Amino acid sequence: MPADAKPRALLPVRPLLLLSIPFLSLLLLYGYSSSTPPLSYAAAVRASPPNPHIRMRRGAAFRSYDDYLRHQLNKTLDPRLRHVWATRDWRRKVDAFARAFRALQAEGLLSNASRALCVGARLGQEVAALRLVGVSDAVGIDLAPAPPLVVRGDFHAQPFGDGAFDFEFSNVFDHALYPDRFVAEIERTLRPGGVAVLHVAVHRRGDKYSANDLLDVDGLLALFRRSEVVRVSKVDAFGLDTEVVLRKKRSP
């Protein structure tokens, strides 16, 4: 999706990918394996400085970046999980995200005119919630696309230009193999003065697909070198317990 492209209006149906999951799985696994990763595995390991507040799960280290992508796609394309996300979980999560976004609107951190991105959006419940509360120019990215809400994209190398968004939301920080690159891409694609909101788990171990464990919120805050902290607060969000709100500085 080009950086200046407008996401399509929300359709009155949920993403209809369940029937084509086996074919989609093969296609995406081949596509990512055949493409050049945003940074070679060895180079990224060297480039990522150690952070005492973030514990990386490298005991079962990936042989390559493609291995990491395949591991993440195993969850994203799991037919059972996608069925749950698209049916039983859909309304519950859309309503919960909508409440969170309305609270941010009340604080003046999000407006209907915001161009918004949801990072690691799976089937797009967050995107649907943003459009529900009036933020019509919203889209998500994930390794597996889920039209019309989510386009294909790697959060280590977002497929958008600099300063493309006014607002970015994510609840998948624990899936980042390179947390510093994950954050750097949010700051790159966020306009000066734009707002980033992350829901994270602190002191809690994620599932087997998590690539890191956040031991202290300071570990996350230290990665945002071009932003200022608006607030850090408790939240009850599907196993995540902390909401971090930051605003990108208007000047470097």
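Glycine 134 follows helix H6 and has a positive phi, near 110°. Helices (H or I, at least four residues) and strands (E, at least two) are DSSP runs, numbered from the N terminus. The model is predicted, so that local features need pLDDT of at least 70 and side-chain atom pairs count only at pLDDT 80 or more, while totals for chains, interfaces and linings use all residues. Residues are numbered from 1 along each chain as its sequence is written, and side-chain values use heavy atoms, with hydrogens and water left out.

Helix H6 itself spans residues 125-132, and seven of its eight residues are buried, so the helix is largely enclosed by the rest of the structure. Buried here means under 20% relative accessible area, exposed over 50%, and partly exposed in between (1.4 Å probe, protein chains only). The buried positions of H6 are Gln125, Glu126, Val127, Ala128, Ala129, Leu130 and Arg131. Their cover includes helix H4 (79-86), helix H5 (90-106), S2, S3 and S5.

The protein chain as a whole contains eight helices and nine strands. Of its 252 residues, 54% are buried. Among the contacts in the chain with a separation of 6 or more, 70% are between residues 24 or more positions apart; contact means heavy atoms within 4.5 Å. The average pLDDT, the predictor's confidence in each residue from 0 to 100, is 85 for the protein chain, and 79% of the residues score at least 70. Residues 1-23 have a pLDDT below 50, and this stretch has 45 contacts in the model beyond near neighbours in sequence. Residues 33-37 also have a pLDDT below 50, with four contacts in the model beyond near neighbours in sequence.

Strands are taken to pair if DSSP finds at least two bridges between them. Strand S2 (residues 116-119) runs parallel to S5 and is joined to S5 by four bridges; leucine 117 has glutamate 168 of S5 as its bridge partner. S5 is also joined to strand S6 (residues 190-200), in parallel, by five bridges. In S6, valine 197 is the bridge partner of phenylalanine 169. From S5 the chain crosses through helix H7 (residues 179-189) to S6, forming a right-handed β-α-β crossover; right-handed means that, with the strands pointing away from the viewer, the path from the first strand over the helix to the second runs clockwise.

S6 pairs with S9 in the antiparallel sense over six bridges, and valine 195 has arginine 247 of S9 as its bridge partner. Histidine 199 is found in S6 and, at 3% relative accessibility, counts as buried. Its side chain makes a polar contact with the side chain of glutamate 243 at 2.8 Å. A polar contact is a pair of N or O atoms within 3.5 Å; within protein, one must be able to donate a hydrogen and the other to accept it, and residues adjacent in sequence count only if both atoms are side-chain atoms. Not counting residues up to four places away in sequence, histidine 199 touches Phe169, Ser170, Asn171, Val235, Ala237, Leu240, Thr242 and Glu243.

The nonpolar packing can be considered last. A nonpolar core is a set of buried Ala, Val, Leu, Ile, Met, Phe, Trp, Tyr and Cys residues joined through side-chain atoms within 4.5 Å. The largest such core holds 39 residues, of which Tyr68, Phe173, Phe182, Leu198, Val200, Leu220 and Phe224 touch the most other members. The elements giving two or more residues to this core are helix H3 (65-76), S2, strand S3 (138-142), H7, S6, helix H8 (217-221) and strand S9 (240-248). Leaving aside neighbours within four places in sequence, leucine 220 is in contact with Phe173, Val183, Leu198, Val200, Leu214 and Val244. A second, separate core of 30 residues includes Trp85, Phe97, Ala129 and Phe167.
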